[in-house]
Amino acid sequence: MVTVWRYALRLGVVLACLSGVELVLAAPAQAAFTTELSGLPARFTAGDQVRTVSAVVSRTDRRGGCVKVRWSMVLSVQGIRLDQVKMDRVEETGDFPLEIQTEGDVARLTDRQLDPGTLCPDRTVTARYRLAFAEDVTQGRVTLAAEAYDANLRLLARQTATRSVVGVGGVPSRSAEPTGTPAEPSDPANAPGEEESAEPVGDQPVDAAQPEAGRPVSQAGGFGVTQAAFLLGGLLLSLGLGLLLRLRHLTRVTTAEADDPPVDRLWERPAGSWRTAGR
């Protein structure tokens, strides 16, 4: 029995060690990337004015090697129709192919292929977008959210900014509200579709705001591999501790039984120790 418990204890310790190793390997690096939006004006003016907005992703640590990047820009409007907005992505060689998906007042523009650049600890990757609004826009707001993904569609970083849009000679009723939203490493962007970015955003009636269920997506508070590894490690550690305590108890009982004589022999008459009294 003691031998069985010893083997069970050893197995529990081995499983606990393996789960700890899995936990270390599964835990993602936190805040390893950051994204910035540049080239944003204080407010956009409708008409023929075309603005170039840049999204730049960089690494904040020096662990790991270089990664390829796929960009996805989420555009949300208020007081404006999507068909009054035109946005495309450009590189030095010309227009960059995009998949465009729309849902309500939100459009997602995702790169059909990986960015030509490579993200390394000492190198950044930049995406440039041209943005313009129709002449009949009088007043509204636009929110841009630049999302950088790796080749496996894991979200690296996300940055948002909100600006007012006014007609020619107009004055916005509310000041611009730039906002920044740091992202947590997770998982996914929408898969590329069939629409080109050269056409107005509003002409693409497709489901768009978030990737479908089969693709990874950044979610806060979800139950993932890390949480499961924590639970498994805690369970195995508790099992190993219980086995250790049980083994210690059995060892003490076995030792005590070996040192003490059996109870049924405590009252036996020692041989030759009693004598018959003389009369």
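Is Arg89 buried or exposed? In this predicted model, Arg89 is buried, with a relative accessible area of 0%, where buried stands for under 20% relative accessible area, exposed for over 50%, and partly exposed for values in between (1.4 Å probe, protein chains only). Residues are numbered from 1 along each chain as its sequence is written, and side-chain values use heavy atoms, with hydrogens and water left out. Because the model is predicted, local features need pLDDT of at least 70 and side-chain atom pairs count only at pLDDT 80 or more, whereas totals for chains, interfaces and linings use all residues.

The protein contains two helices and 13 strands; these elements are DSSP runs numbered from the N terminus, helices being H or I of at least four residues and strands E of at least two. Of its 279 residues, 35% count as buried. Contacts (heavy atoms within 4.5 Å) between residues at least 6 apart in sequence join, in 73% of cases, residues at least 24 apart. The accessible surface comes to about 16500 Å², and 55% of this area belongs to carbon and sulfur atoms; areas were computed by the Shrake-Rupley method with a 1.4 Å probe, and for residues only the protein chains shown count as cover.

The largest nonpolar core comprises 37 residues, a core being a set of buried Ala, Val, Leu, Ile, Met, Phe, Trp, Tyr and Cys residues joined through side-chain atoms within 4.5 Å. Trp71, Leu75, Phe133 and Leu144 have the most contacts inside this core. Its largest share, five residues, is supplied by strand 11. When neighbours within four places in sequence are left aside, the contacts of Leu75 include Leu82, Val85, Met87, Leu131 and Leu144.

Ten salt bridges were found in the whole structure, each defined as a side-chain nitrogen of Lys or Arg within 4 Å of a carboxyl oxygen of Asp or Glu. In one of them, Asp115 pairs with Arg89, the closest N and O atoms being 2.7 Å apart. Asp115 lies in the loop between strand 9 (106-111) and strand 10 (118-119) and Arg89 in strand 6 (residues 85-91), so the pair ties together parts that are 26 residues apart in sequence. Like Arg89, which is buried, Asp115 counts as buried, at 4% relative accessibility. A further salt bridge links Arg130 and Asp95, with 3.0 Å between the closest N and O atoms. Arg130 belongs to strand 11 (residues 125-133) and Asp95 to strand 7 (residues 94-95), so this pair connects parts that are 35 residues apart in sequence. Arg130 is partly exposed at 32% relative accessible area, and Asp95 is partly exposed at 47%. Salt bridges that share partners join Arg89, Glu91, Asp111 and Asp115 into one network.

One disulfide (a pair of cysteine sulfur atoms within 2.5 Å) was found in the whole structure. The bond joins Cys66 to Cys120, with an S to S distance of 1.9 Å, and is right-handed, with 115° about the S-S bond. Distant parts of the chain are linked in this way: Cys66 lies in the loop between strand 3 (51-59) and strand 4 (67-68), and Cys120 in the loop between strand 10 and strand 11, 54 residues apart. Cys66 is partly exposed, with a relative accessible area of 45%, whereas Cys120 counts as buried at 5% relative accessibility.
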